[in-house]
Amino acid sequence: MAKAGGGDCSLGVKLGVTFVTDKSRLTGVERYFDDNDIIVSKTNLKGRITYANDVFLQVAGYTEKEILDQPHSLIRHPDMPRCVFKLLWDTIQGGHEIFAYVLNRCKNGDHYWVYAHVTPSCDASGEIVGYHSNRRVPDRCIIEEAIIPLYKDLKAAEDGESNRKQGLVASSGAVANLLQEKNVQYDEFVATL
Ligand SMILES: Cc1cc2nc3c(=O)[nH]c(=O)nc-3n(C[C@H](O)[C@H](O)[C@H](O)COP(=O)(O)O)c2cc1C
């Protein structure tokens, strides 16, 4: 697969993922997909996968049979801060769209970064009947210079607490403080990185 990601980032490709917490299930090898490709999935209301396009299957390394009806957390990478997913779910369950940078894990333990757009899918009466996500290749410089350091701090805030609940409070508080310092809402923050 072509290496893509746009930009002439000074840090180049030496990045890798350095804040791995569960090395036994990760290879440290990054996968890339084409700038023109879109990774698509749909879920039911509980986040179980109801559709995945060929690019999804190819990049994540699963067959359709393996992934259908599985929880989307199947491709969750352990370095992702939980507060990002809380924000994602709070937003889409509230009927709104969200953009987020997400690190995913492939079946064999490789990983890949995406810039995800997640939206509710509604029926004719406006009722939410499921969720839909389109993911593109993220800007390399944004990943390396903004997202990796931010997620590392958020993960550390979570791991520094005695339990998951307190961890989520700590990292969500850190995000709230960051947005307050910058005097922006989350969507504006993400859009202007
Ligand atoms: C449409 C949709 C797409 C999602 N895409 C991803 C994804 O690409 N990677 C991911 O880790 N979680 C994704 N999630 C969030 C997962 O449902 C889940 O909340 C997350 O993996 C964290 O897992 P956990 O809640 O079990 O900790 C998506 C959810 C929805 C509704």
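## What surrounds the ligand, and the elements behind it

The shell around the ligand is made up of 8 nonpolar, 8 polar and 2 charged residues. Keep in mind that this is a predicted model. In total, 18 residues surround the ligand, with Gly47, His72, Ser73, Arg76 and Tyr131 the closest. Several elements give two or more residues each to that shell: strands E1 (39-43), E3 (98-105), E4 (111-122) and E5 (128-136), plus helix H3 (82-93).

Now for the overall layout. The protein has 6 helices and 5 strands, and from the N terminus on they come in the order β-β-α-α-α-β-β-β-α-α-α. Of the 193 residues, 27% are buried. If you look at contacts between residues at least 6 apart in sequence, 56% of them join residues at least 24 apart.

**Helix H3**

Let's take H3, one of the elements that contribute to the ligand shell. This helix has 12 residues and spans 16 Å from first C-alpha to last, close to the 16 Å expected at 1.5 Å a residue. Which residues of H3 are buried? They are Cys83, Val84 and Ile92. Looking down the axis of H3, the buried residues fall within an arc of 160°, so they line one face of the helix. As background, an α-helix has 3.6 residues a turn, so residues three or four places apart point the same way. Over on the other side of H3, Asp90 and Gln93 are exposed.

And what do the buried residues of H3 pack against? Their partners are E3, E4 and E5, along with helices H4 (140-159) and H5 (164-182). After H3 comes Gly95, which has a positive phi near 90°.

E1 is another element that gives residues to the shell. Ile39, Ser41 and Thr43 sit on its covered face, while Val40 and Lys42 are on the uncovered one.

E1 pairs with E5 in the antiparallel sense, over 5 bridges, and Ile39 has Arg135 of E5 as its bridge partner. E1 is also joined to strand E2 (residues 49-52) by 3 bridges, again antiparallel; here Lys42 stands opposite Tyr51 in E2. E1 and E2 form a hairpin with 5 residues between them, and Gly47 in the turn has a positive phi of about 85°. Gly47 is also listed among the residues closest to the ligand.

Notes. Residues numbered from 1 in each chain as written. Predicted model: local features only at pLDDT ≥ 70, side-chain atom pairs only at ≥ 80, totals over all residues. Near = placed C-beta within 6 Å. Helix = DSSP H or I, 4+ residues; strand = E, 2+ residues; numbered from the N terminus. Nonpolar A, V, L, I, M, F, W, Y, C, P; charged D, E, K, R; others polar. Expected span 1.5 Å × (residues − 1). Buried ≥ 20, exposed ≤ 12 C-beta atoms within 10 Å, placed from the backbone. Arc of directions from axis to C-beta. Contact = placed C-beta atoms within 7 Å. Pairing = 2+ DSSP bridges.
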